[in-house]
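Here are my notes for your read-through. Please keep the model open beside them.

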Amino acid sequence: MHKLYRTAGAGSIAPEAMFEEAGAEYEMIEVDLSAKSPDFLAVNPLGQVPTLVLENGALLTESAAMVLHIGESYPDAALVPPVGCPGRPAFCRWLFFLSANVYNATLRFIYADRMSTEEGAAAGIRAAAARDLDGYFDILENTLDPGPHLLGERYTGVDPYLWMLTGWQDDVDALFARCPRLKGHYDRVGERPAIARVAAANGV
Ligand SMILES: N[C@@H](CCC(=O)N[C@@H](CS)C(=O)NCC(=O)O)C(=O)O
């Protein structure tokens, strides 16, 4: 069985959403990020969640890699368009866009004080992250036209990933006022039974 190291409210929401959507069994191991245990650091020296240990014992880090891996491990759930199918390039585009840009800028915004060794740099780092996030969400808002999902009619693993990242934003009300399609997406994804279970387990 897959073992998922997770912390409520953190990036482990993404693989949890994939397992729940697929109806898969998985083991959850709670991680206290404020006091990382030697056992956890021995599994993942990055000391980050999510951390996934596969059925063969191999380590998988990176939430985007987990979305892909879990989706492909449970093909009946149809959460990842297979290689050669029309939606595959767009799925890859949005998976990496969300991970490399939106997740990264969100971390820069929230943890601006950790992003430089220079005293007093945090305010500028946070402002630049907010500017970048505005640009990324404008692109996502345009992509959700006509929607209802990032790939159009088809719900895939990039939708709960976007749902997680949207829920982390600093001023969600202002974001939704600017991006009404994003709000519709957030509400729709949150209403799915699998995602409602994930939300409850993460206190979001
Ligand atoms: N690129 C990683 C980022 C993971 C990440 O930064 N996770 C945060 C929680 S959301 C974390 O573990 N922070 C603790 C730390 O970095 O010390 C991914 O996509 O999985």
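1. Start with Glu16. This is a predicted model, and in it Glu16 is buried, with a relative accessible area of 1%. Arg6 is buried as well, at 4% relative accessibility.

2. What do the side chains of Arg6 and Glu16 form? They meet in a salt bridge, 2.9 Å from N to O. Arg6 sits in strand β1 and Glu16 in helix α1 (residues 13-22), so the pair ties together parts that are 10 residues apart in sequence. A network of salt bridges links Arg6, Glu16 and Glu30.

3. The structure holds 12 salt bridges. One of them joins Arg108 and Asp132 (3.0 Å, N to O). Arg108 belongs to helix α4 and Asp132 to helix α5, so this pair ties parts 24 residues apart in sequence. Asp132 counts as buried, at 18% relative accessibility.

4. Arg178 and Asp138 also meet in a salt bridge (2.5 Å, N to O). Arg178 is partly exposed at 36%, and Asp138 is partly exposed at 34%.

5. Now the sheet. Four strands form an open sheet in the order β2-β1-β3-β4, with mixed pairing. β2 (26-30) and β4 (59-61) are the edges; each has a single partner strand, so one side of each lacks a neighbour in the sheet. β3 (residues 51-53) and β4 pair antiparallel over three bridges. Thr51 has Thr61 in β4 as its bridge partner. Helix α3 (residues 63-73) lies across β1 (2-6), β3 and β4, at about 120° to β4.

6. Last, the surface. Leu107, Ile110, Tyr111 and Met115 make a nonpolar patch of about 310 Å². Met115 lies in the loop between α4 (88-110) and α5 (122-143).

Technical notes: Residues numbered from 1 in each chain as written. Predicted model: local features only at pLDDT ≥ 70, side-chain atom pairs only at ≥ 80, totals over all residues. Heavy atoms only, no water. Patch = residues over 30% accessible without salt bridge, like charges linked within 9 Å, V, L, I, M, F, W, Y side chains within 5 Å. Areas by Shrake-Rupley, 256 points an atom, 1.4 Å probe, with all protein chains shown as cover. Salt bridge = Lys/Arg side-chain N within 4 Å of Asp/Glu carboxyl O. Helix = DSSP H or I, 4+ residues; strand = E, 2+ residues; numbered from the N terminus. Pairing = 2+ DSSP bridges. Contact = heavy atoms within 4.5 Å. Axes fitted to C-alpha atoms, helices over the stretch in contact; angles between N-to-C directions. Buried < 20%, exposed > 50% of the residue type's maximum accessible area, 1.4 Å probe, protein only.
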